[in-house]
Amino acid sequence: MLNSGYRMKRLLRLSSYLLVALCAVVALPSQDADFPEASAWINDLAGLISDSEEATLNTMLQQLEIESGTQIFVAVMARIPSGYTLEHYVNELFAHWQPGAQDADNGVLLALFSEDRKLRIEVGYGLEGRLSDATCQLIIDNDMIPQLREGNYFAAVYAGVQRVIAAVAPDYELPDSLRVSLENAAPLSDSGDEGLPLLIPLLFLLIALSFPLFFGAIILFAVLMGRKGLSAGGAGWQRNWSGSGSSRYSGSSFGSSSGFSSSSFSGGGGGSSGGGGASGSW
Amino acid sequence: MNLLKPSSVSALLTRANKARILAAIRKAEARTSGEIRLHVESRLKGESPLVRAEQRFFELNMQATQLRNGALIYLALDDRRFAIFGDKGIHAKVGDDFWQAERDAMQVRFHQDDIIGGIEHGIAAVGAKLRAYFPVDDDNPNQLSDEISHAE
């Protein structure tokens with residue numbers, strides 16, 4: 001993570017930019033508007049998780065934090081704010097929320113964007129030994145995407161959080177009162193949901209049956225696309241859960257790049273992430 | 001897709017070529033806190049190489065340097081497109097002109113089919129800037145691994 005001096009400088013620079021913008025009476029959206037405050041462990045800004053479900057998750061994550069010191073935040077949002085890639089936005093949100101103890105950097109941010117159908121698990125450096133990219137990938141692919149495809153946002157978050165806890169705090173035992181059997185129904189406190197409990201086992205049977213198909217499709221897709229999965233070094237993992245197979249990149253205003261002839265290059269720079277570069281062809 | 005035919009990526013990243021690239025990266029990263037990586041894949045998916053490079057940069061978590069001075073050299077081999085992307089710390093120092101000049105210098109070598117030579121040149125050029133703007137004296141913790149990442 002950034003050190004605090006750098007962050008301070010960046011803040012100062014940002015605020016001076018804002019001041020200039022205000023003086024010029026330019027209606028620039030405040031950058032902070034893109035980063036909501038974290039109000040609890042679960043921050044459901046898209047309104048996809050019921051209050052009782054949220055309470056279950058919040059209690060679970062509070063318990064975990066008290067007992068193990070590990071802090072897990074969850075963001076459920078409709079869309080990635082425009083101008084950001086998934087990776088960039090979640091990384092910045094992590095920097096804003098700063099899950100985990102500062103010196104230990106033992107926080108995790110699980111962020112999902114329902115309308116973009118994208119999600120990412122961002123892991124603090126202090127936990128990377130326990131929660132590797134490969135593990136994140138498995139959690140997303142096996143535990144979360146199947147639920148998300150069915151629109152079960154709570155089940156997806158619950159399963160994802162469970163697996164993250166198992167990885168980062170293996171000694172932590174979830175109290176029975178907080179155990180939710182995803183096979184039987186929605187959250188335990190929501191027992192009176194008419195009709196739904198009957199549907200859910202069926203749904204799970206369907207999901208279970210479709211697992212081999214799902215992975216077959218992924219492998220086939222990977223072979224067809226000639227891709228080799230996650231390359232080294234990343235701290236998070238994201239997947240389209242739409243299965244559309246199109247680019248995961250949502251586009252940004254960043255830079256510009258070349259055409260096909262050697263004379264039509266142009267450089268980029270100063271885009272969404274503040275980095276810069278140039279591109280070309282040969 | 002013929003699975004028996006080696007991909008352009010694996011054809012390029014032979015053991016010897018990898019060793020050349022890693023040596024160039026280590027040399028470039030000596031005496032600087034900056035970090036350089038290479039990502040090679042076969043094709044873009046409709047996006048521009050620079051956009052793709054930026055996306056890969058964040059996927060590889062390369063913004064994790066304290067001074068935001070990581071740089072990624074990106075190649076889409078079968079598309080014959082490439083990009084250099086630098087994080088905001090290094091970009092603030094070198095500006096667009098530097099990226100474009102090094103892009104052109106790499107391109108000259110790529111045109112001569114000297115792909116590894118072009119990559120080596122880019123790594124060395126970025127390394128020189130990193131040493132100039134982000135020098136360190138002795139113990140330089142490698143903040144990111146030097147691995148070459150690739151997707152086929």
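**Exercise 1.** What is the handedness of the crossing of α4(A) and α5(A)? Find also the angle, the axis distance and the contact residues of this pair.

*Solution.* This is a predicted model, in which local features need pLDDT of at least 70, side-chain atom pairs count only at pLDDT 80 or more, and totals for chains, interfaces and linings use all residues. Residues are numbered from 1 along each chain as its sequence is written, chains are lettered from A and ligands numbered from 1 in the order in which they are written, and side-chain values use heavy atoms, with hydrogens and water left out.

Step 1. Locate the helices: α4 of chain A covers residues 133–149 and α5 of chain A covers residues 153–168. Helices (H or I, at least four residues) and strands (E, at least two) are DSSP runs, numbered from the N terminus.

Step 2. The two helices pack at about 160 degrees, with axes 8 Å apart. Axes are lines fitted to C-alpha atoms, for helices over the stretch in contact, and angles run from 0 to 180 degrees between N-to-C directions.

Step 3. α4(A) and α5(A) are therefore roughly antiparallel. Angles under 35 degrees count as roughly parallel, over 145 as roughly antiparallel, 65 to 115 as roughly perpendicular and the rest as oblique.

Step 4. The crossing of α4(A) and α5(A) is right-handed. A crossing is right-handed if the near helix is turned clockwise from the far one by less than a right angle, and left-handed if anticlockwise.

**Exercise 2.** Describe how α5(B) packs against α4(B) and against α2(B).

*Solution.* Step 1. α4(B), residues 88–111, and α5(B), residues 115–133, pack at about 160 degrees with axes 9 Å apart. The pair is therefore roughly antiparallel, and α4(B) passes α5(B) in a right-handed crossing.

Step 1. The contact includes F98(B), W99(B) and M106(B) of α4(B), and H121(B), V126(B) and Y133(B) of α5(B).

Step 2. α2(B), residues 15–29, and α5(B) pack at about 10 degrees with axes 8 Å apart. These two are therefore roughly parallel, and their crossing is right-handed.

Step 3. Residues of α2(B) that meet α5(B) include R20(B), I21(B) and A24(B), and on the α5(B) side E120(B) and I123(B) are among the partners.

**Exercise 3.** Which residues of α3(A) are buried?

*Solution.* Step 1. α3(A), residues 86–97, has 12 residues and reaches 16 Å from its first C-alpha to its last, close to the 16 Å expected at 1.5 Å a residue. The expected span is 1.5 Å times one less than the number of residues.

Step 1. The helix is mostly covered, with 11 of its 12 residues buried. Buried means under 20% relative accessible area, exposed over 50%, partly exposed in between (1.4 Å probe, protein chains only).

Step 2. The buried residues are L86(A), E87(A), H88(A), Y89(A), V90(A), N91(A), E92(A), L93(A), F94(A), A95(A) and W97(A).

Step 3. Just after α3(A), Q98(A) has a positive phi of about 50 degrees.

**Exercise 4.** Are R68(B) and D113(B) buried or exposed?

*Solution.* Step 1. Most residues other than glycine have a negative phi. R68(B) has a positive phi near 50 degrees, and D113(B) one of about 65 degrees.

Step 1. R68(B) lies in the loop between α3 (49–59) and β2 (70–76) of chain B, and counts as buried at 2% relative accessibility.

Step 2. D113(B) lies in the loop between α4 and α5 of chain B, and is exposed at a relative accessible area of 57%.

How values were computed
Contact = heavy atoms within 4.5 Å.
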